[in-house]
Amino acid sequence: MSKKFYVTTPIYYASGKAHIGHVYSTVAADITARYKRMLGYDVMFTTGMDEHGQKAENSAKKESKSPQNYVDFVSEDFKKMWTKLNIKYDKFIRTTDKNHKEIVRKIFDKLYEKNLIYKGKYKGWYCTPCEAFFTEKQIKENNNLCPDCGREVKWTEEEAYFFKLSEFGDKLLEYYKNNPEFLQPDGRLSEMIKFVESGLEDLCVTRTSFNWGIPVSFDSKHVIYVWLDALTNYITSQGYLSANSQDFEKYWPADVHFVGKEIVRFHAVIWPAILMALDLPLPKKIFGHGWILFGDGSKMSKSKGNVIDPEILCERYGVDAVRYFLMREFSFGEDGLFTNEALINRINFDLANDLGNLVSRTISMIDKYFNNTLIDNQRFVNSDKELLDLVENTIKNYEINMDNFKFSMALSDVWLIVSKCNKYIDLNMPWDLYKNPENHDRLACVLYNLCEAMRIVSVLISPFMPETAVKIQEQLNISSEICTWDKIKNWGELPKNTTVNKSVILFPRIDVQKELEELENIISNNNNGNNLIKIDEFFKTELIVGEILECEKVKKSKKLLKLLVHDGTKNRTVVSGISNYYTPEDLINKKIILVSNLEPVKLCGIESQGMILASQDINNNVKVIFVDNSVPAGSKIS
Ligand code: ME8
């Protein structure tokens, strides 16, 4: 039976688009999953969306969508991004999944029955516009005002349920002591020990101030607060407490949870305590990775407008280049600075010059000197042994680094092979060997060794750059059977008679200056005009002049007027929210601008067949845009 490996990413808040920070965790998890699959493990890799809570509710409001509609939309967007980035997850969990909601309620009930959840009072400084609680310390640091919006806050007490986190301090400390590898990278565990030693407070696990969440089964005015809902995804996705629990039995405990450093505390303190409370084994490892920072040293954020959409990066340079850059440039446990220049330089130096060049020159030489087909005689000389030893050692180090999530080191080791091969070419000078037919056997041997090294490199890079690995194997024209983890341990698996395919450019070189300027333009266009539309999008809207024939107030509404508008060919009913600004008499016989191809909607039971245009100033005064009476109804506006 094969060994199992369960790896997770955090589940991402459903508010906004996936950015490069989200891509970072997910690519790392995908690479780990692919690596473990390559080693023969039965892998479970999960990712997903954290869809409840105030953040999602507020974002939905801003876009005039229902929370469910909104999170459906955001989740689809994330999924598209993962497809684009070649992320091969096994399960995509959403906290609005029926199954997840049911199990979270069961978990809540179970903890309540065990007396580990109790009803109490949540106290704090509340900001009404932000709908958020703040601690005494947070308020004090901000002149007794809301730290988010700067407005006044009120002392508020709210009934809430609490999880008895305070009871788990000693058990957690004991666990950390016996499992020093539990939290990685080194250093994070000592922070956590300090935090737990300073004393744990019980954790508020419900709210009544918003509705978008899972209601407590026996007290439905409370919704379960985000962390209990979110953390449990790692077991609900596997069918814990459900009829279908085979995956849970097979894969739990998780082998590693990848999380950003700011949520380590939730994963290394609260999550183990919840699992202890449920009498479940703890995950084997939590890995807290660093942040990708932007130029000014801030955590990358969409709102700062400093982020190039990862999708655009993939379109410009290819998915593999982006995956490679993220894993090679930054040391996974530490923060790293993202710059467009660093990205382009990595592509130019590591991918176009070193790897791409090695592949294309080797294949071209086989084409030129042997008409595409190698017949090898295997006469090794010293420089070959050096190459072989390096390859052997690199495979060993690669495994150690990958098992410890030292992705950047694993890649830099693989690149030792790549640069050794490039030097090997310079040292052996195939062009000189070719001049003398007596050296043709040696020439074939040199080229064979290069192909062998590339076969091995292609396998080692395959978790990081799956498409590039296949492209190299296609150029070498080798079967996938010899491109496996076991087969790279044997030098010489490549058949002695090898016919290669035509060489193709793996990574085109980028003109740094020109590209940097283009990226800057993209960023400033994004900042200045996130809402820009193309001219053909504008032309989809049909605007015509209409004449208001009749107008009356809608009885059930304070805001709405019902208009009968002549559009040049027929009369149509339009409902408009301008009753606070106009009486029916102000409007009758006036000419207005009508959006004539709007899908009809029902407002207060009346079908509105279009919309009239009005302006709104900063004080919210509304003015209908009237058109000169001489313009006939039905005239097009363009
Ligand atoms: O925290 N660099 O969701 P989230 C690196 N829903 N990683 C970054 C980053 C950056 N610039 N920006 C964000 C949540 N991340 C919760 C998790 S898990 C049970 C619940 C990482 O969408 C961040 O560190 O705010 C975190 O690990 C992940 O993106 C999700 O962040």
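Mentor: Let us begin with a definition. A residue is called buried under 20% relative accessible area, exposed over 50%, and partly exposed in between. In this predicted model, D335 has a relative accessibility of 34%, and therefore counts as partly exposed.

Trainee: What share of the residues in the chain is buried?

Mentor: Buried residues account for 51% of the 638 residues in the chain. The chain holds 22 helices and 28 strands, and its C-alpha trace spans about 105 × 70 × 50 Å along the principal axes.

Trainee: Into which domains is the chain divided?

Mentor: Domain 1 covers 340-538 and domain 2 covers 541-627. Taken over C-alpha atoms, the centres of the two domains are separated by 65 Å.

Trainee: Let us return to D335. With which residue does D335 form a salt bridge?

Mentor: The general idea is a side-chain nitrogen of Lys or Arg within 4 Å of a carboxyl oxygen of Asp or Glu. The partner of D335 is K261, and their closest N and O atoms are 2.7 Å apart. This pair links distant parts of the chain, 74 residues apart: K261 is in the loop between strand 12 (256-260) and helix 11 (264-277), and D335 is in the loop between helix 13 (319-329) and strand 15 (336-337). K261 is partly exposed, at 28% relative accessibility. By the same rule, the count comes to 37 salt bridges.

Trainee: Which side chains meet R346 in salt bridges?

Mentor: One is E329, with an N to O distance of 2.7 Å. E329 belongs to helix 13 and R346 to helix 14 (residues 340-370); the two are 17 residues apart, and the pair links distant parts of the chain. The side chain of D350 also meets R346 in a salt bridge, at 2.8 Å from N to O.

Trainee: Why are D350 and R346 separated by about one helical turn?

Mentor: An α-helix has 3.6 residues a turn, so residues three or four places apart point the same way. D350 and R346 are four residues apart in helix 14, and therefore about one helical turn separates them. As for accessibility, D350 counts as buried because its value is 9%, whereas E329 is partly exposed with a relative accessible area of 27%.

Trainee: Why is helix 13 described as largely enclosed by the rest of the structure?

Mentor: The description follows from its residues: 10 of the 11 in helix 13 are buried, so the helix is largely enclosed by the rest of the structure.

Trainee: What is the volume of the second largest pocket, and which residues are the closest to its centre?

Mentor: The second largest pocket has a volume of about 290 Å³. It is lined by 15 residues, of which P185, F287, N404, F405 and K406 are the closest to its centre. Helix 16 (residues 407-428) gives the most to this lining, with three residues.

Trainee: Which residues form a nonpolar patch on the surface?

Mentor: I535, F538 and F539 form such a patch, and together they have about 330 Å² of accessible area. F538 is found in helix 21 (residues 535-538) and is partly exposed, with a relative accessible area of 38%.

Notes:
Residues numbered from 1 in each chain as written. Predicted model: local features only at pLDDT ≥ 70, side-chain atom pairs only at ≥ 80, totals over all residues. Heavy atoms only, no water. Patch = residues over 30% accessible without salt bridge, like charges linked within 9 Å, V, L, I, M, F, W, Y side chains within 5 Å. Areas by Shrake-Rupley, 256 points an atom, 1.4 Å probe, with all protein chains shown as cover. Buried < 20%, exposed > 50% of the residue type's maximum accessible area, 1.4 Å probe, protein only. Domains from an automatic or database assignment. 1 Å grid on protein atoms, 1.4 Å probe; cavity = no way out; pocket = protein on both sides within 12 Å on 5 of 7 lines; lining within 4 Å. Points joined across faces, edges and corners; volume = space filled by probe spheres on them.
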